[in-house]
Amino acid sequence: MQLRHWLRPPRQLLVVFLAVALMSAGAVGWLGWLLLKQDAALDVQRRQERLDQAADRAAAAMQRSIADLQAHANPPLGPNVRFPPGVSGISIRPGGGVTAWPEGSLLYYPVSGVAPLAPSQTFADGERLEYSGNDLAGAARVYSKSAAAGDPAVRAGALARLARVRRKLGDADAALRAYDQLAQIEHADVEGLPAALVARAGRASVFEETSRPSELRQEADALQRDIRRGRWQLVKAEYEFYSSQASAWLDTKPADALDALARADAAGWLWQNRASLDSMPRRSIALPSGPALVVWQSLPERLYAVVAGPTYLASLCSEVVPSDLRCALSDSEGRTLIGDRPPARMVAVRAASAAGLPWTLHLFGPSEAEGIAPSPRRRLLVLVFAVVALVLATGWYFILRAMSRELRVSRLQSDFVAAVSHEFRSPLTSLSHIAEMLAGDRIRSVDDRRKSYDVLVRDTDRLRRLVEGLLDFGRFEAGAAALRLEPLDITDLVRSTVAEFQERVAPDGYSIEMTDDGSSVHACADREALSRALWNLLDNAVKYSPDCRTVWVDMTHDDDRVSIVIRDRGLGIPAHEQREIFDRFVRGADSKARRIRGTGIGLAMVREIVRAHGGEIQVASEPGRGSRFTMVLRSAGGVA
């Protein structure tokens with residue numbers, strides 16, 4: 001419906017409007033896209049320059065930090081040297097000894113610690129009684145004598161064996177006492193394991209065997225703490241075994257710090273590659289436990305090194321890189337050591353060879369998924385073009401609305417002219433025909449002449465009313481209509497108008513039934529104007545009631561208001577048309593379809609007349625059930 005509505009003439013106006021709107025929208029859109037594209041390119045260039053500058057500063061800061069670590073690797077390297085958090089110093093002797101600082105900073109070592117061991121034949125007699133003779137009591141006496149020896153290594157070995165025999169004999173308390181004595185011996189090994197470690201593990205085993213859970217948990221917790229703080233110099237296999245054993249006793253999962261594991265693995269890498277280290281005394285390595293940085297100085301008598309774990313590397317990135325940027329470090333094989341995988345674009349790269357670093361530095365901004373705040377200039381451009389688009393859209397809307405109204409008025413005027421022409425043509429044709437017949441003396445009967453005169457009077461009166469209605473409507477539209485207000489009896493005016501209208505429609509079989517309370521209601525009004533408004537409402541009620549030929553007029557009043565109601569049981573008015581029927585030239589779709597005569601100005605005249613009297617016109621209607629028009633006027637308060 002709307003498409004056919006707009007494609008009706010004049011179509012050229014619509015085409016021109018659409019062409020201008022599309023051209024202006026396209027021009028504004030293209031200009032905005034071009035400016036935003038240029039701003040985006042400039043923003044990318046500036047961001048890349050900022051990334052490059054930040055990368056240069058970060059590379060220089062990292063060089064200084066690594067130089068400080070290099071200084072830590074110079075002798076003398078020992079417990080008096082203070083290391084940054086997450087960094088350990090390592091000393092490797094040609095003979096195979098490994099020392100780490102701070103003490104306990106490594107969870108495990110490439111090789112076990114060197115501690116004195118008792119000669120194997122020292123415990124031969126006791127072991128023969130224990131295993132071959134199955135004489136546990138005799139073996140306990142032999143081990144007890146050796147436990148009183150002055151040599152710590154002999155004493156540690158004897159106490160460990162004595163505790164074992166006591167456990168076999170079922171004497172848990174004696175075994176625990178032996179383990180307690182063993183735990184007091186420092187710097188001695190039992191079968192290559194620290195005496196204190198053997199003592200703690202033994203006590204926990206006794207508690208497990210004797211079902212003493214609280215003491216077992218306390219002993220296992222102490223064992224786990226000692227292992228994780230590096231109290232003993234263990235190799236990786238020993239560390240993993242006792243750590244998992246303690247976790248099993250505690251019924252927890254191992255939760256070692258990756259940073260400490262990475263430093264321990266880095267020490268193992270140094271140990272394995274100590275004979276083939278190249279001249280570049282720094283390297284970043286990717287280990288299963290995490291990345292690590294190794295800085296060393298190789299001297300004939302000893303290898304000094306400093307190892308840093310992922311915590312130090314991550315802190316190094318966060319310290320030298322602005323908070324709104326991200327840092328990633330990768331090794332020579334392209335594996336990412338620290339940070340997220342760098343994007344394919346908008347990244348500043350400083351290769352290891354060019355920057356003098358043990359890794360390749362990648363510096364980039366936040367990902368597009370996290371969002372990058374647009375520049376203030378871009379926000380201003382978007383705001384400006386949004387305002388321009390809003391202004392254009394508002395202008396197009398009002399232009400389109402004005403065009404729609406003008407086209408609607410134009411079509412209504414065309415319909416009005418056609419309706420008026422038809423209204424004039426019918427009585428004029430009748431008048432012309434009868435006048436021609438009278439002039440030719442072709443109507444000889446007196447009755448026929450009288451009927452012809454009646455038709456002449458009726459059609460002449462119809463023409464007069466049409467002309468007066470058009471003239472009055474023109475005066476009201478121009479604001480030149482002047483009401484002649486005078487005190488009137490509204491009841492008498494309605495009665496006389498209804499009676500006059502009844503005479504006019506009686507020949508067509510219509511009747512007007514009026515209901516009032518018989519009292520007189522006075523108001524200051526224009527007799528002719530109100531009579532015309534009431535006549536128009538009655539005429540509409542008759543025209544739109546082809547089946548029910550009765551129209552009702554009711555009058556009600558209160559102290560200062562009088563209501564005149566005209567009811568019919570005609571065609572009715574759809575709800576969507578009730579808002580427009582009081583506009584000029586508007587006629588309902590049903591009236592056009594049924595070819596009911598009318599000009600479309602009757603109800604507009606009624607509204608103007610009622611408003612001029614300070615009242616209001618109301619309508620209530622339902623299709624197929626008739627209509628109800630109510631004129632509400634202000635009365636003078638006089639009722640007789």
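At what angle do helix α7 (residues 195-209) and helix α8 (residues 213-228) pack? The angle is about 155 degrees, and the helix axes lie 8 Å apart; axes are lines fitted to C-alpha atoms over the stretch in contact, and angles run from 0 to 180 degrees between N-to-C directions. The two helices α7 and α8 are therefore roughly antiparallel, a term for angles over 145 degrees.

A word on the model: it is predicted, with local features needing pLDDT of at least 70 and side-chain atom pairs counting only at pLDDT 80 or more, while totals for chains, interfaces and linings use all residues. Residues are numbered from 1 along each chain as its sequence is written, and side-chain values use heavy atoms, leaving out hydrogens and water.

| Helix | Residues in the contact |
|---|---|
| α7 | Leu197, Arg200, Ala201, Arg203, Ala204, Phe207, Glu208 |
| α8 | Glu215, Leu216, Glu219, Ala222, Leu223, Asp226 |

These contact residues of α7 and α8 divide into 7 nonpolar, no polar and 6 charged; Asp, Glu, Lys and Arg count as charged, and Ala, Val, Leu, Ile, Met, Phe, Trp, Tyr, Cys and Pro as nonpolar, with the others, Gly among them, as polar.

Now to a loop. Leu325 sits between α11 (310-320) and β8 (326-330); helices (H or I, at least four residues) and strands (E, at least two) are DSSP runs, numbered from the N terminus. Leu325 is buried, with a relative accessible area of 11%, where buried means under 20% (1.4 Å probe, protein chains only). Leaving aside neighbours within four places in sequence, Leu325 contacts Arg50, Leu51, Ala54, Leu363, Phe364 and Gly365. The C-alpha atoms of Leu325 and Gly365 are separated by 4.7 Å, although these residues are 40 apart along the chain.

How values were computed: Angles under 35 degrees count as roughly parallel, over 145 as roughly antiparallel, 65 to 115 as roughly perpendicular and the rest as oblique. Contact means heavy atoms within 4.5 Å. Buried means under 20% relative accessible area, exposed over 50%, partly exposed in between (1.4 Å probe, protein chains only).
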